[in-house]
Amino acid sequence: MTAPDPARPPCADVVIAGAGIGGLTAALSLHAVGIRPLVLESSRRISPLGVGINLQPAAVRELHELGLADELAAIGGQVVAHVFTDRYGTVRYSDPRGTAAGYRWPQYAVHRGDLQMMLLRTVRERIGPEAVRTGVRVEDFTQTPDAVHVHAFDRTTDRYEHRTARVLVAADGIHSRLRARLHPAQGPLRWNGVTMWRGVTETDAFPRDNALFLASDERNAQFVAYRISPATPARGRRLLNWICAVPTGTPGPLAGDAHRNRPGRLADVLPHYADWRFDWTDLPALLAGAERILAYPMVDRDPLPAWGEGRVTLLGDAAHPAYPSGANGGSQAVLDARVLAHRLATEPDPVRALAAYEDERKAPTAAVVLANRELDRVARARSAAGGPDARRDLERAAAAHRRAAGEAAALNSRPSYTPRAVS
């Protein structure tokens with residue numbers, strides 16, 4: 001892609017800050033409707049980092065419509081239920097998911113790094129190797145009536161560069177520079193007092209029936225586990241993603257950052273689970289089997305009344321960071337990307353298109369943020385308790401989250417986000 005002339009804004013050019021799941025899906029979606037995307041990623045090298053994530057049926061549908069059904073099935077495993085238990089594995093409530101809950105598309109659990117690399121490879125194959133530039137950090141922007149001028153720093157050359165586009169999309173994550181530019185009074189992240197230790201272990205021990213397993217104790221500590229890969233052909237083993245979430249502080253504004261690739265220590269997490277027992281695994285051995293442990297606080301932000309301004313908008317965690325309860329963060333980023341491309345393809349005025357995108361996505365994502373908070377609270381407090389009251393509370397919280405994320409009937413009948421003219 002040639003550098004645009006600042007005096008002549010290109011007729012179809014979207015700069016995306018960030019090559020995460022949302023940014024890369026946005027690039028593929030824009031390309032599919034004939035709009036030229038350029039992704040600028042601050043990291044000098046994109047590596048398959050992170051741990052497991054879930055893709056809800058709504059997001060799986062969108063990736064299928066982008067022609068990625070086979071690629072997705074090759075890297076993930078289907079999840080058919082979320083099973084809530086106590087610390088001994090006694091089931092309190094089982095919530096069917098994916099096709100088992102009536103959706104036409106499955107829920108997949110995948111390694112975040114595998115998904116990101118699959119999307120990156122597809123972007124470069126379909127759009128070209130220059131569609132994603134690494135080592136370029138978007139720092140600021142200015143707007144005119146006809147364009148947005150993107151100010152970025154090339155970390156390889158130590159030089160600033162300026163690019164003109166019709167639209168700038170901030171998909172630069174939970175610590176988004178551009179969100180801070182748009183909302184300078186936003187304050188720190190909101191911490192619920194819980195620290196999460198996360199890891200991936202290759203094992204042949206799994207929760208039963210392809211379930212996402214959520215166990216809690218009387219101290220509100222939680223253990224979550226789900227498989228994130230097909231079987232390894234040579235050994236018949238798979239990757240199991242696990243999360244240990246433990247209250248360690250007082251809820252409130254987070255002091256510092258919440259980087260998700262910060263190393264954690266086995267010695268810090270094991271004491272919290274010394275008396276936990278499951279019939280399907282040796283929990284200490286499972287945790288010790290992880291090649292790497294990550295540790296970070298569970299944080300989110302209150303929903304924004306508006307995301308962007310003019311020709312600039314937010315996407316994914318930059319717009320609506322949420323607790324991982326409900327397993328929906330990556331899915332909402334995929335949906336953002338698809339709605340963004342749909343609006344830009346069907347509305348000639350970029351400013352009106354971005355306003356329509358935000359109008360369509362603000363309320364659903366705000367509902368997910370709030371539903372995740374409630375599901376986290378109820379799951380950690382009630383899974384340890386027995387009796388019908390605990391089951392009722394878990395069922396209500398799960399149902400509220402389903403309504404926020406999208407019921408099966410609504411998703412199954414919704415028209416495609418791919419405009420008819422380009423389908």
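Student: Which residue of β6 stands opposite Phe-84?
Tutor: First, this is a predicted model, where local features need pLDDT of at least 70, side-chain atom pairs count only at pLDDT 80 or more, and totals for chains, interfaces and linings use all residues. Residues are numbered from 1 along each chain as its sequence is written, and side-chain values use heavy atoms, leaving out hydrogens and water. Now, β5 (residues 81-86) and β6 (residues 91-96) run antiparallel, joined by five bridges; two strands pair if DSSP finds at least two bridges between them. The residue of β6 opposite Phe-84 is Tyr-93.

Student: What phi does Gly-89 take in that hairpin?
Tutor: The hairpin of β5 and β6 has four residues between its strands. There, Gly-89 takes a positive phi, near 90°.

Student: How many helices and strands does the protein have?
Tutor: Both come from DSSP runs, numbered from the N terminus: helices are H or I, at least four residues, and strands are E, at least two. Counted that way, the protein has 11 helices and 19 strands.

Student: What is the strand order in the open sheet of three strands?
Tutor: Start at the edges, β3 (52-55) and β4 (76-79), each of which pairs on one side only. β4 runs antiparallel to β7 (residues 107-111), joined to β7 by four bridges, with Gly-76 partnered by Val-110 of β7. The twist averages 30° from one strand to the next. Put together, the antiparallel order is β3-β7-β4.

Student: At what angle does helix α2 run to β3?
Tutor: Helix α2 (residues 57-65) lies across β3 and β7. Angles run from 0 to 180 degrees between N-to-C directions, with axes fitted to C-alpha atoms, for helices over the stretch in contact. For α2 and β3 that gives about 80°.

Student: Why is α2 called largely enclosed, and how many of its residues are buried?
Tutor: Buried means under 20% relative accessible area, exposed over 50%, and partly exposed in between, with a 1.4 Å probe and protein chains only. Among the buried residues of α2 are Pro-57, Val-60 and Leu-63. The helix is largely enclosed by the rest of the structure because the buried count is seven of the nine residues.

Student: Which backbone oxygen does the side chain of Thr-365 reach?
Tutor: Thr-365 sits in helix α9 (residues 350-382) and is buried, at a relative accessible area of 3%. Not counting residues up to four places away in sequence, Thr-365 touches Trp-307, His-320, Gln-332 and Asp-336, where contact means heavy atoms within 4.5 Å. At 2.7 Å, the side chain of Thr-365 reaches the backbone oxygen of Arg-361.

Student: Is Asp-158, with its positive phi, buried or exposed?
Tutor: Phi of Asp-158 is near 55°, in a residue other than glycine. Asp-158 lies in the loop between β10 (147-154) and β11 (159-165). With a relative accessible area of 55%, Asp-158 is exposed.

Student: Which residue of β18 is the bridge partner of Arg-198?
Tutor: Strand β18 (residues 293-300) is mostly covered, with eight of its eight residues buried. Seven bridges join β13 to β18, and the two run antiparallel. The partner of Arg-198 is Leu-294.

Student: What radius of gyration does the protein have?
Tutor: The C-alpha atoms fill a box of roughly 65 × 45 × 45 Å along the principal axes. The radius of gyration is taken over C-alpha atoms, and the globule rule is 2.2 Å times the number of residues to the power 0.38. For 423 residues, a compact globule would come near 22 Å, which agrees with the protein's value of 21 Å.

Technical notes: A polar contact is a pair of N or O atoms within 3.5 Å; within protein, one must be able to donate a hydrogen and the other to accept it, and residues adjacent in sequence count only if both atoms are side-chain atoms.
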